[in-house]
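Visitor: I would like a close look at one part of this protein, namely the places where charged side chains pair.

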Amino acid sequence: MMQAGLDLRAIFQARRRIAGEVVRTPLAASPGLSAAAGGEVRLKLELLQESGAFKLRGATSMIRSLDEAERAGGVVTVSTGNHGRAVALAARRAGIRAVVCLSHLVPGNKLEAIRALGAELRIIGRSQDEAAVEAGRLAREDGMVLVPPFDHPAIIAGQGTIGLELAEDWPELDTVLVPLSGGGLIAGIALALKTIDPAVRVIGISMREGAAMQASLGAGRPLEVEEKASLADSLGGGIGLDNRWTFDLCRRLVDEVILLDEEEIAAGMRHLFREERLVVEGAAAVGVGAILAGKVDLAGRCAALVVSGRNVDMERFLDVVGGRP
Ligand SMILES: *Cc1c(COP(=O)(O)O)cnc(C)c1O
């Protein structure tokens with residue numbers, strides 16, 4: 001397995017591994033959001049990945065870095081949904097066995113999607129942490145490779161390929177708004193963009209309840225937070241008390257973290273549906289939510305919003321977008 005360091009070169013290497021497996025997503029102009037923000041705003045449409053979210057980049061990057069012996073043992077992972085789905089798809093394409101461990105909090109539509117991709121499911125406990133114990137056991141006792149959702153160099157480098165695409169497609173870009181949970185997405189993007197230009201502003205956005213990275217950054221060390229149900233369910237879960245990569249990268253590279261209330265996330269989803277005609281999950285709408293809530297100053301800026309996924313339960317979605325503002 002790749003054990004190199006984590007730098008811009010590693011992100012270029014990840015790009016080569018995932019080429020042809022992952023969509024090079026469009027960066028779409030948004031005149032409406034630009035007017036609302038007083039700057040130029042564009043949307044990086046990661047919801048267009050085949051698995052419905054950007055996590056296919058990291059999962060493919062890591063699975064394509066395994067050697068023959070590792071491939072023979074198969075892969076195991078823990079997920080709030082989108083990572084498990086990405087690992088299942090990447091493993092099926094690579095022709096290897098995949099087991100996904102997840103908690104009872106994960107919505108039913110996400111379970112079905114993973115099962116349909118041919119992965120074995122183990123549903124355990126009420127939090128990502130409990131599911132993680134089972135995944136660790138399978139890795140130790142059955143010789144499977146653990147594919148973590150964010151805290152691994154191959155995963156972070158895979159997500160970082162978004163940063164390369166942003167820099168290529170919009171050289172004037174000076175700000176990026178990124179949904180933030182475990183921090184693999186923002187760490188990879190920040191590493192790519194800030195290596196190219198340290199002046200680029202990188203802003204993370206989480207839901208107010210259970211924002212583990214924000215709490216950890218404030219405390220100066222990885223902290224556990226209580227997991228709460230949120231419209232942005234893909235942003236749930238901790239960063240791991242034994243975090244090795246994303247906490248330090250976020251501490252070094254993230255300029256600011258913004259927290260949103262549930263109603264602000266819902267407003268982002270409604271706006272993306274009504275004005276941009278996009279169906280997105282809560283986690284993907286936080287950048288728009290932050291603009292509409294007036295929580296980020298983008299006046300005169302060139303800002304990209306990472307619209308990270310579309311795997312939302314349809315009944316839930318219809319309730320949210322049907323609500324009058
Ligand atoms: C996982 C996920 C995120 C957050 O990514 P991290 O690397 O955990 O910070 C954001 N949006 C969606 C849709 C996700 O699935």
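Is Arg24 buried, partly exposed or exposed, and what is its relative accessible area?

Guide: This is a predicted model, in which local features need pLDDT of at least 70 and side-chain atom pairs count only at pLDDT 80 or more, while totals for chains, interfaces and linings use all residues. Residues are numbered from 1 along each chain as its sequence is written, and side-chain values use heavy atoms, with hydrogens and water left out.

Arg24 is partly exposed, with a relative accessible area of 42% (buried means under 20%, exposed over 50%, and partly exposed in between, with a 1.4 Å probe and protein chains only). Its side chain meets that of Glu168 in a salt bridge at 2.6 Å, N to O (a side-chain nitrogen of Lys or Arg within 4 Å of a carboxyl oxygen of Asp or Glu). Because Arg24 lies in the loop between α1 (8–18) and β1 (27–29) while Glu168 belongs to helix α8 (residues 153–169), the pair ties together parts that are 144 residues apart in sequence; helices (H or I, at least four residues) and strands (E, at least two) are DSSP runs, numbered from the N terminus. Glu168, at 41% relative accessibility, likewise counts as partly exposed. The pair also belongs to a network of salt bridges that links Arg15, Arg24, Glu168 and Asp169.

Elsewhere, the side chains of Lys194 and Asp255 form a salt bridge of 2.8 Å, N to O, with Lys194 in helix α9 (residues 184–196) and Asp255 in the loop between α11 (246–253) and β9 (256–260), 61 residues apart. Here Lys194 counts as buried at 13% relative accessibility, whereas Asp255 is partly exposed at 44%.
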